[in-house]
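Trainee: I am new to this structure and would be grateful for a guided introduction. May we proceed by question and answer?

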Amino acid sequence: YMVSITLSVLGGLFYAIAPAFVDSSTALASVALGRILGGLGRANSALGFAYVARACPAKQRTSVTAILGGVQMIGMAIAPLFSAFIAGVKFSIFGIHFDYLNSVGLIMVIINLASQVVVYLYLPDLETPFDNGSDYNEEGEKESEWLMMFRCIIRNPQIGVPFLTIFTFNFNWQFIETALAPASFDVFQWGPVQVSAVLGVMAVLVFGGMTAVHKLYQIGISDFKLLVYGLLGNTIGYFLLYMLWYRKWLFDINWFSS
């Protein structure tokens, strides 16, 4: 946790100080480096699920994991709201000018530092599981931990399938987040504030879905059914997104020409 949050802090710092570089290519490299470090630091989201898996009884893991996912969505819903509050930000620190663009990095630095302090002071370190020799393969040869995990994911559907569903969800979310800005600008001429509002609403809806998963599991719906219906809903939603999307100006041209 401490290492990953430190990477996030450094990522926010590089993002914030990018305007200090006169050369545009250096400034762009600073932004890119900040994003990369922030992405590496975000890997601690997996630590949360691993920690819950070890700390909670088996019958509570699905519900607690759903709540944990919902908490992530709360953060994703709150974060875009900062775009509205920092729209008029203008100040300087140590000769570095901050505005509504790079002040985002400063906010990330402060929030990550605060979370790092909380983790250091209050998160208990769980007992290391007893080593029963499971790091040896079937031939009795010792293998690397990465190879062991990869083999476990590939051979065990109970682990591999959830890995695939988590990858699919995050891939879709990041893909939409990346494509939303240029697509909405092309159709509606939206700026960062409008895009942030849409992403915030999306996060709220996902949080509602996470809460529904928690409630459905409590009344006895199996993990299998939750996964199947959830993935089916995603498929229908993305299909409708493809079929119903149109470019307003192109629609107007076709309507007038007809």
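Mentor: Let us begin with a definition: helices (H or I, at least four residues) and strands (E, at least two) are DSSP runs, numbered from the N terminus. The model is predicted, so local features need pLDDT of at least 70 and side-chain atom pairs count only at pLDDT 80 or more, while totals for chains, interfaces and linings use all residues. Residues are numbered from 1 along each chain as its sequence is written, and side-chain values use heavy atoms, with hydrogens and water left out.

Trainee: In which loop is Q189 found, and does Q189 count as buried or exposed?

Mentor: Q189 is found in the loop between helix 8 and helix 9. Although Q189 is not a glycine, it has a positive phi of about 60 degrees. Buried means under 20% relative accessible area, exposed over 50%, and partly exposed in between (1.4 Å probe, protein chains only). Because its relative accessibility is 54%, Q189 counts as exposed.

Trainee: How many helices and strands does the protein have?

Mentor: From the N terminus on, the elements run α-α-α-α-α-β-β-α-α-α-α-α-α. The protein therefore has 11 helices and 2 strands.

Trainee: Which element of the protein has the lowest mean pLDDT?

Mentor: The pLDDT is the predictor's confidence in each residue, from 0 to 100. The protein averages 79, and 87% of the residues score at least 70. The highest mean among the elements, 91, belongs to helix 1 (residues 2-16). The lowest, 52, belongs to helix 11 (residues 248-257).

Trainee: With which residues is M73 in contact, leaving aside its neighbours within four places in sequence?

Mentor: Contact means heavy atoms within 4.5 Å. M73 belongs to the largest nonpolar core. With those neighbours left aside, its contacts are F169, A203, V206, F207 and M210.

Trainee: How many Å apart in space are V204 and M73, C-alpha to C-alpha?

Mentor: V204 lies in helix 9. V204 is partly exposed because its relative accessible area is 47%. Along the sequence, V204 and M73 are 131 residues apart, while in space their C-alpha atoms are separated by 6.6 Å.

Trainee: Why does N44 count as buried?

Mentor: N44 has its place in helix 3 (residues 44-55). Leaving aside neighbours within four places in sequence, N44 is in contact with Y1, S4 and I5. N44 counts as buried because its relative accessibility is 17%.

Trainee: What share of the residues of the protein count as buried?

Mentor: Accessible areas come from the Shrake-Rupley method with a 1.4 Å probe; for residues, only the protein chains shown count as cover. The accessible surface of the protein comes to about 18,300 Å², of which 72% belongs to carbon and sulfur atoms. Of the 258 residues, the share that count as buried is 21%.

Trainee: Does I236 count as buried or partly exposed?

Mentor: I236 is found in helix 10 (residues 223-244). Because its relative accessibility is 45%, I236 counts as partly exposed.

Methods. A nonpolar core is a set of buried Ala, Val, Leu, Ile, Met, Phe, Trp, Tyr and Cys residues joined through side-chain atoms within 4.5 Å.
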